Amino acid sequence: MPSYLKERKMLYPLYGIMAVSAVLLVYIGLTNIWVALVGAFMLLALFLVAVYLENRLVKVREEYVKTLSYRVKKVGEEALLEMPIGILLFNDDYYIEWSNSYMASCFNENSLIGRSLYETGEQLIPLIKQGIETDIVTIGHQKFRVIIKQEEKLIYFFDVTEQMALARQYADNKDVIGIIVMDNYDDATQGMDDQARSGLSNLITSLLNAWALEHGIFLKRTSSDRFVILLNEKIFRKLEAEKFSILDTVRESTGKENVSLTLSIGIGIGDFSLPELGELAQSSLDLALGRGGDQVAIKLPNGKLKFYGGKTNPTEKRTRVRARVISHALRELMVESDQVIVMGHKFPDMDAIGASIGIRKTAELNQIDGYIVIDFDHIDISVQRLIEEMQAYPELYSKLITPDEAMELITDQTLLVVVDTHKPALVIEEKLLGKTERIVVMDHHRRSEDFIKKPLLVYMEPYASSTAELVTELLEYQPKDKKLNALEATALLSGIIVDTKSFTLRTGSRTFDAASYLRTQGADTVMVQSFLKEDIQTYIQRSKLIETTELYRDGIAIASADENEVYNPVMIAQAADILLTMDEVKASFVISKRSDNLVGISARSLGEINVQIIMEALGGGGHLSNAAVQLEGYEVVEAELKLKQVIDEYIEGSQES
């Protein structure tokens, strides 16, 4: 028993009382001896009784403490050995020195003493080595939360199998809302008679009903080309594992009917209310449609995005009506602004510059000052030649401004038009985006997760060959007070020619219409060729890059530059284009260090392989047949290994689906 429980401090005040009482009795005895004697007798009797009671109390307390200590020790042993909590001690060599019987029963063993953790609990070794204090591990059919005491070399195991099962059940039953749209239903059924249209509609409906019935999905048609689906996360994960095969089913089934019809699906998922899930589903659908359709877009609870499908090239679906509406809306925004500033992406190509010149011309036609932001230190040779040619047009050349000049010039009433990109990180001067809320985005790339916030007007058409084509169409609906001059028309035509590889890729009827309009405005094809000429040294350098090409898998060519060689993005893209012209090459990837110390990958394909999905897996983006990515913190060799891994996953996933 602890010493402090053995102390008898209550006797000290009693001794004091006895002493004082004795003194008083002596004083009384001087006057009355009998009273003093009686008092002394009574005092002595009381003292003896008090001492007796104190001794008895101490003994009772000692007995109680002894009994309690025994019980506590017994309960501790019982808890240590019998409670449903696993306890395990190990040594420096990861051998088990001791475990309670409950822990041994979890491993279906009588005893674990002397066994190695490498044999019995291999998954614990990484946790111990990494200094992780707690985690969930699986032993047999049970799940345990382990708490690791590194200094004591002690591990506690708490059975959380039921809790995990309940959590899984809760997660499985969370609501998911989806919206399905037939991408080009109106176009596909245009010109059909009622019977054919009804037959196509019944085919799609029966395919979707069979798919919904198979997976336990509630499906409701809300219009001729739109459906709403309700499901839970368990079903959703199954659909993900199948990579939403309904997209392929509908595409192939309608193809057999000689109709090109695809689906786009937007999914809302997460711990949100039903109205919020509906908004997420609609937002995801807008994103899927903005990326060209024939795919599923999913906004995850963490804000990230996932895409499935997108295997086909987007077909031309925009209309003249939409172009006219956008043109008029742009005119109204310009008229309400004090000036217009146009900005493309970093290292602008002919498409970005041509589109910028077209938007500046639109501002001029509406009697508004327009300026083009150019970083003169970061332009390729073709853009440089165009700018040199501009010097013969002072009214145009004077409108070129640097990013610093744009920062000084911009006001909160300025209309900022971003062309040929929609990613804030890719614009020439990102700070300009924060200087005004009046922003317009015009782009022909598929929409990605990273998007300029809250633009007043968005004109994104992944079906267009180039942004220059989109801007050319808008110009046709602007005031006709002035014509495009020859250089402006040529710059726009250059953008179209560069992005279509001289009308060989992503070229629709509208592309030729735009080119025809520009020719009537004085566009000079000879001047275009002079802009796009290259010097012999550039040709040799690009050939050196192409020389590194290897055929990785069937129809896939990969060229990787030397670690010490630096190539500009334009040359990397040109090399990828050239590789695509080689026999039996379906897709090409060119990897090289860039001047900004990033590793750039430029990807091209003929359409059979979706290079956009491959580049998105690496953090980039683009089109189905034209995409790229910039990797930070990678060497060329590492980037090549990572690219091959993503290509393998893409091809294996395509084969499974």
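**Ground rules.** Residues are numbered from 1 along each chain as its sequence is written, and my side-chain values use heavy atoms, with hydrogens and water left out. Because the model is predicted, I took local features only at pLDDT of at least 70 and side-chain atom pairs only at pLDDT 80 or more, while totals for chains, interfaces and linings use all residues. Helices (H or I, at least four residues) and strands (E, at least two) are DSSP runs, numbered from the N terminus.

**Entry 1, helix α10.** I looked up residues 233–241 and found Glu233, Ile235, Phe236, Leu239 and Glu240 buried (under 20% relative accessible area; exposed is over 50%, partly exposed in between, with a 1.4 Å probe and protein chains only). Seen down the axis of α10, these buried residues fall within an arc of 155 degrees, so they line one face of the helix (the arc is that of the directions from the helix axis to the C-beta atoms). Lys234 and Ala241 are exposed on the other side. At the N-terminal end, Asn232 is the cap, with a side-chain oxygen 3.2 Å from the backbone nitrogen of Lys234. After the helix comes Lys243, with a positive phi near 55 degrees.

**Entry 2, the parallel sheet.** I traced an open sheet of six strands, with parallel pairing in the order β14-β13-β12-β15-β16-β17 (two strands pair if DSSP finds at least two bridges between them). β14 (400–401) and β17 (457–460) are the edges, each with a single partner strand, so one side of each has no neighbour in the sheet. Helix α14 (residues 350–365) packs on this sheet and touches β12, β13, β15 (415–419) and β16 (439–443) (contact means heavy atoms within 4.5 Å). The direction of α14 makes about 165 degrees with that of β13 (axes are lines fitted to C-alpha atoms, for helices over the stretch in contact, and angles run from 0 to 180 degrees between N-to-C directions). I also checked β12 (340–343) against β13 (370–373): they pair over three bridges, and Val340 has Gly370 as its bridge partner.

β1 (residues 85–90) and β2 pair over three bridges, and Leu89 stands opposite Trp98 in β2.

Key: Polar contact = N/O pair within 3.5 Å; in protein donor to acceptor, adjacent residues only side chain to side chain.
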